Amino acid sequence: MAQKRLMLLGGLRYLLPVIEEAHKLGVYVITADYLPDNIAHKYSDEYCNVSIIDKEAVLKAAQELKIDGILSHAVDPGVVSAAYVAEKMGLSFQCSYKAACILQDKYLFRQYLSENGFNCPNAKGYNNAEDALKDVDFFNWPVIVKPVDSAGSKGVTKVEDKENLKEAIDFALSCSISKNFIIEDFLDKVGAQSSADIFTVDGKLVYPAYSDQLFDPKAANPYAPAIEIWPSTMEQKHQDDLTDQLQRLVILLDMKTGIYNVESRVCSNGKAYIMEVSPRGGGNRIAELQDMATAQSLIRAEICKALSLPLDEISTPVYNGVWCNYIIHSNEEGILKYVEVDKDFCKQYVKDEGLIVKEGDHVAPFTGANNSLGTLFLRAENRQELDSILAEIENYVKIVLE
């Protein structure tokens with residue numbers, strides 16, 4: 001049988017475990033983006049120089065390279081192109097191109113949720129500040145302003161006062177590829193927001209997952225996720241409600257088999273809200289941690305799905321202890337001297353250390369995943385133990401700048 005050929009859009013470090021797992025399966029891996037120095041290209045079998053947001057260019061390259069499957073794992077800008085290529089070439093993908101366009105555009109997704117009776121905040125999309133500023137009384141303040149097409153909390157601002165709206169719009173537009181943004185009512189959450197990867201098989205949600213996503217209030221962007229914990233402390237009734245909502249969404253959008261990154265929250269009105277669903281693995285190494293914590297491999301399953309290979313059984317996750325993805329970050333700017341993790345702490349709690357910076361690198365204040373210094377996967381026996389070490393994390397993880 002001819003060797004299967006898998007195209008991965010992007011070149012970030014998040015793709016390394018995908019490449020490694022694909023190689024274990026005997027797959028030929030092609031990484032594609034317009035930045036030849038990205039780290040993933042050093043580990044793939046072939047590099048293709050193409051803009052991943054140009055769907056026609058990606059399609060042409062995919063056809064010339066005779067690929068058997070395509071993914072945009074943890075790479076948000078490439079998802080629509082991946083869905084488009086898969087549809088044009090008759091390859092396996094989580095959803096149709098049309099569905100991907102809805103899911104990947106925050107305003108189109110809000111419209112879809114509202115039109116189909118899901119819990120949804122009051123929201124409206126714009127492509128210029130003037131129209132938005134005329135609509136200030138349409139919203140229930142405070143509001144959230146964000147690009148319709150960004151991930152990792154880039155370009156997101158909570159606005160308390162109407163006079164600060166223009167500045168937030170300008171920031172959102174600066175982070176948007178399409179130069180479109182959305183304004184929506186701020187939903188006051190109860191407990192922690194969730195960000196986790198789920199998996200569907202033949203239109204059935206077989207692997208629902210929820211986390212506690214926490215933030216650093218001292219960070220330059222206090223809405224950039226800094227800590228993610230599994231399993232979630234969300235009440236089971238709300239998890240069950242969200243699972244039902246997600247299953248209904250899967251059916252309505254005719255989504256088949258694959259991984260999705262889902263953000264959700266429970267609000268002070270007692271309702272559970274689906275905030276975002278993206279047909280890709282999440283950033284910040286979410287699938288990697290969930291695989292480690294549950295002894296199931298979403299990454300392997302996603303590769304097999306893309307290449308129409310048989311899947312191992314995927315089922316509701318059961319966690320071996322309490323797991324945390326701690327995003328190593330700095331709240332100051334400077335030149336990195338070193339990051340030091342306490343040896344005893346490391347031996348007892350750290351299951352994986354993924355530092356992505358080195359001495360002499362410029363360090364920026366934490367505004368999003370693109371400013372992180374790396375990740376630590378932590379495991380504790382119970383949530384109380386984990387919370388106690390996180391409360392003193394600065395004693396165990398030291399970032400020294402010049």
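**Reading a predicted model: why each label fits**

Q: Why does Tyr396 count as partly exposed in this predicted model?
A: Its relative accessibility is 21%. Buried means under 20%, and exposed means over 50%. The value 21% falls in between, so Tyr396 counts as partly exposed.

Q: Why is Phe345 called buried?
A: Phe345 has a relative accessible area of 3%. The cut-off for buried is under 20%, so Phe345 passes. Tyr349 is buried as well.

Q: What makes Phe345 and Tyr396 a stacked pair?
A: Start with distance. The ring centres are 4.5 Å apart, and rings pair if their centres lie within 6.5 Å. Then take the angle. The planes stand at 5°, and planes under 30 degrees apart count as stacked.

Q: Where in the chain do Phe345 and Tyr396 lie?
A: Phe345 is in helix α11, and Tyr396 is in helix α13 (residues 393–396). They are 51 residues apart, and the pair links distant parts of the chain.

Q: Why is the aromatic pair of Phe345 and Tyr349 called tilted?
A: The centres are 5.6 Å apart, with 45° between the planes. The distance is within 6.5 Å, so the rings pair. An angle under 30 degrees would be stacked, and one over 60 would be edge-to-face.

Q: Why are Phe345 and Tyr349 separated by about one helical turn?
A: They are four residues apart in helix α11 (residues 343–349). An α-helix has 3.6 residues a turn, so residues three or four places apart point the same way. Phe345, Tyr349 and Tyr396 form one aromatic cluster.

Q: How do you know that Arg248 lies over the face of Phe118?
A: Arg248 is 3.9 Å from the ring centre. The distance limit is 6 Å, and the charge must also be within 35 degrees of the ring normal. Arg285 sits in a like way over the ring of Phe377, 4.3 Å from its centre.

Q: Why are the buried residues of helix α2 said to be on the same side?
A: The buried residues of α2 (residues 55–65) are Val58, Leu59, Ala61, Ala62 and Leu65. They cover an arc of only 165° around the axis, which puts them on the same side of α2.

Q: Which exposed residues does the face of α2 turned away from its buried side carry?
A: That face carries Lys60 and Glu64. The buried residues of α2 are covered by elements including β1 (5–9), β2 (28–33), β3 (46–49), β4 (69–71) and α3 (79–89).

Q: Why is strand β19 called largely enclosed?
A: Count its residues. Seven of the seven residues of β19 (residues 374–380) are buried, so the rest of the structure largely encloses this strand. In a regular strand the side chains alternate between the two faces of the sheet. On one side of β19, Gly374, Leu376, Leu378 and Ala380 are buried; on the other, Thr375, Phe377 and Arg379 are.

Q: What makes β15 and β19 paired strands?
A: Seven bridges join β15 (residues 322–328) to β19. Pairing needs at least two bridges, a test that the DSSP count here passes. The two strands run antiparallel, and Asn325 stands opposite Phe377. Strand β17 (residues 350–355) is also joined to β19, by five bridges in the antiparallel sense. There, Val350 stands opposite Leu378.

Q: Why are β18 and β20 said to stand at the edges of their sheet?
A: The open sheet has three strands in the order β18-β16-β20, with antiparallel pairing. Strands β18 (362–363) and β20 (397–401) each have a single partner strand, so one side of each is left without a neighbour in the sheet. Strand β16 (residues 334–341) pairs with β20 over five bridges, with Glu340 opposite Lys398.

Q: How do you know that Ser195 is buried?
A: Its relative accessible area is 2%. The limit is under 20%, so Ser195 is buried. This residue is found in strand β9 (residues 194–201). Beyond residues up to four places away in sequence, Ser195 touches several others, among them Ser211, Gln213, Glu228 and Trp230.

Notes:
Residues are numbered from 1 along each chain as its sequence is written. This is a predicted model: local features need pLDDT of at least 70, side-chain atom pairs count only at pLDDT 80 or more; totals for chains, interfaces and linings use all residues. Side-chain values use heavy atoms; hydrogens and water are left out. Rings of Phe, Tyr and Trp (its six-membered ring) pair if their centres lie within 6.5 Å; planes under 30 degrees apart count as stacked, over 60 as edge-to-face and the rest as tilted. Buried means under 20% relative accessible area, exposed over 50%, partly exposed in between (1.4 Å probe, protein chains only). The arc is that of the directions from the helix axis to the C-beta atoms. Contact means heavy atoms within 4.5 Å.
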